[in-house]
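Subject: Structure handover

Hello,

Here is the structure I promised to pass on. My notes follow below it.

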Amino acid sequence: MIVEPKTRGFICTTAHPTGCFENVRREVEYVKSQPHVDGPKRALVIGASTGYGLASRIVSAFSCGAATLGIIFDKPAKGPRTASAGWYNTAAFEKLAAADGLYAKTINGDAFSKEVKDQAIEMIRRDLGTIDLLVYSLAAPRRTMPDGTTVSSVLKTTGDPFTNKTIDLKTRSISEVTVEPATDEEVRDTVHVMGGEDWKDWIAALHDAGVLAPNTVTVAYSYIGPELTHPIYLNGSIGMAKRDLYNKSVEITKEFPEVSAYISVNKALVTQASAAIPVVPLYISLLYRSMKERGLHEGCIEQMYRLYHEKLFPAGQPVTDSEGRIRMDDWEMKPEIQQEISDLWTRLDDSVVRDHADIDGYWEDFYQMFGFQIPGVDYTKDVDTEVAIPSIGE
Ligand code: NAD
């Protein structure tokens, strides 16, 4: 069929198989054009189908030569519905890995569940023996807890309501938005979903099964951002979850002698999740423009390659800040970039947006996440939407 983007709010409900393949192929080519990283050899990537997790899997495989096991939560095509972008990305990844003789298998299921953890352990035992890297890159709206109840994460403040400028990305107009505070229960639930409990559960399960190599590295991703987003991010309900993620990294390193756990603080990028956070898309579109003008803009793949090459697996020890965190937001937080954005923010109106915000770049990234607007892809061509992930259903 001919596949076109269908957006509902800030979600695109279709994905293009050829476009997604091309996205992954381009990320693989980028990594292969860079110097090799002397890194992990057997990696488990949780949240491996899109964004930072997919990029981590690509760098593990195509720069370090690692065998990869990916955990994803995606939908295959069904009747007139296309598969999710993550499904097509994973099919592309496995195909490209196989062409280079690299082991790549995938489990499609709920990473929070015991069943998926057991399945992963069984596959590691059977095929790899042990893993030496675990990337934890989940971004989930909800979690089914071990007792069967389901809790959801919220994007709210803690404490007072917060009013600031935001943008309607469709009409490109500025307005004010007020974000209400989360209840204590909502904060607790957000920590259950986006904090570090499940990360630590994974490490404990893998440790108990004896499938962690000596000197295993594990990394999870976080965000800090500028002061103007602190009430909604760093000090908001999601920030409380990220605080828990950091605390769990310290506990993991202390409690599991064979594991070193790190938090990598990454750059703000367009994803389905970030489009839904008030204020943040406006910040991101100013940031993109400022970083592109300085030649400092990076997407997920450039961020993750630099993470592996310069910070996580350099010769010698990982490079961290005084709190032990890896700072991949170092370029985003450069004083001249932040100063420029904060000056613009004080006089923000529709004309400032027109002249200084990269809304086109925002939308380009948004559509490209779903395989649309990729140069070289002929979107008038009929495509088969039913694409198999080779290792699923084996
Ligand atoms: P994303 O939505 O692109 O990727 C999330 C992945 O998690 C997908 O592969 C999805 O299939 C998987 N997933 C979701 N629920 C799952 C479940 N129950 N079981 C198995 N897999 C599941 O998100 P992203 O932006 O790449 O975010 C990854 C991490 O990076 C998050 O912790 C996020 O907070 C962090 N981060 C993101 C940004 C940003 O600007 N996007 C910046 C810094 C840090």
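Please keep in mind that this is a predicted model.

**Second largest pocket**

By class, charged residues supply 8 members of this pocket's lining, against 4 nonpolar and 2 polar ones. The volume of the second largest pocket is about 230 Å³. It is lined by 14 residues, and F112, S113, K114, K117 and P146 are the closest to its centre. Three elements each supply at least two lining residues: α4 (114–128), β7 (142–144) and α6 (197–208). Of these, α4 gives the most, with 4 residues.

**Ligand site**

The ligand is surrounded by 27 residues. S49, Y52, A111, K242 and L269 are the closest of them. By class, this shell holds 14 nonpolar, 9 polar and 4 charged residues.

- A111: a polar backbone atom is 2.8 Å from a nitrogen atom of the ligand.
- Y221: a polar backbone atom is 3.5 Å from an oxygen atom of the ligand.
- L269: a polar backbone atom is 2.8 Å from an oxygen atom of the ligand.

How much of the ligand does the protein bury? Taken alone, the ligand exposes 840 Å², and the protein buries 90% of that. Two elements give two or more residues to the shell: α2 (51–62) and β11 (212–222).

**Aromatic pairs**

The structure holds 12 aromatic pairs. One of them joins Y52 and Y221. Their ring centres are 5.9 Å apart, with 55 degrees between the planes. That pair is tilted. Y52 sits in helix α2 and Y221 in strand β11. The two residues are 169 apart in the chain, so the pair links distant parts of it.

Y52 is among the residues closest to the ligand, and Y221 has the backbone atom at 3.5 Å from a ligand oxygen.

Over to you.

Best wishes

Definitions and conventions:
Residues are numbered from 1 along each chain as its sequence is written. This is a predicted model: local features need pLDDT of at least 70, side-chain atom pairs count only at pLDDT 80 or more; totals for chains, interfaces and linings use all residues. Side-chain values use heavy atoms; hydrogens and water are left out. On a 1 Å grid over the protein atoms alone, a cavity is a set of points where a 1.4 Å probe fits but cannot get out, and a pocket is an open set with protein on both sides within 12 Å along at least five of seven lines; lining residues have an atom within 4 Å of a point. Grid points are joined across faces, edges and corners, and a volume is the space filled by probe spheres set on the points. Ala, Val, Leu, Ile, Met, Phe, Trp, Tyr, Cys and Pro count as nonpolar, Asp, Glu, Lys and Arg as charged, and the others, Gly among them, as polar. A residue is near a molecule or strand if one of its heavy atoms lies within 4 Å of it. A polar contact is a pair of N or O atoms within 3.5 Å; within protein, one must be able to donate a hydrogen and the other to accept it, and residues adjacent in sequence count only if both atoms are side-chain atoms. Accessible areas come from the Shrake-Rupley method with a 1.4 Å probe; for residues, only the protein chains shown count as cover. Rings of Phe, Tyr and Trp (its six-membered ring) pair if their centres lie within 6.5 Å; planes under 30 degrees apart count as stacked, over 60 as edge-to-face and the rest as tilted.
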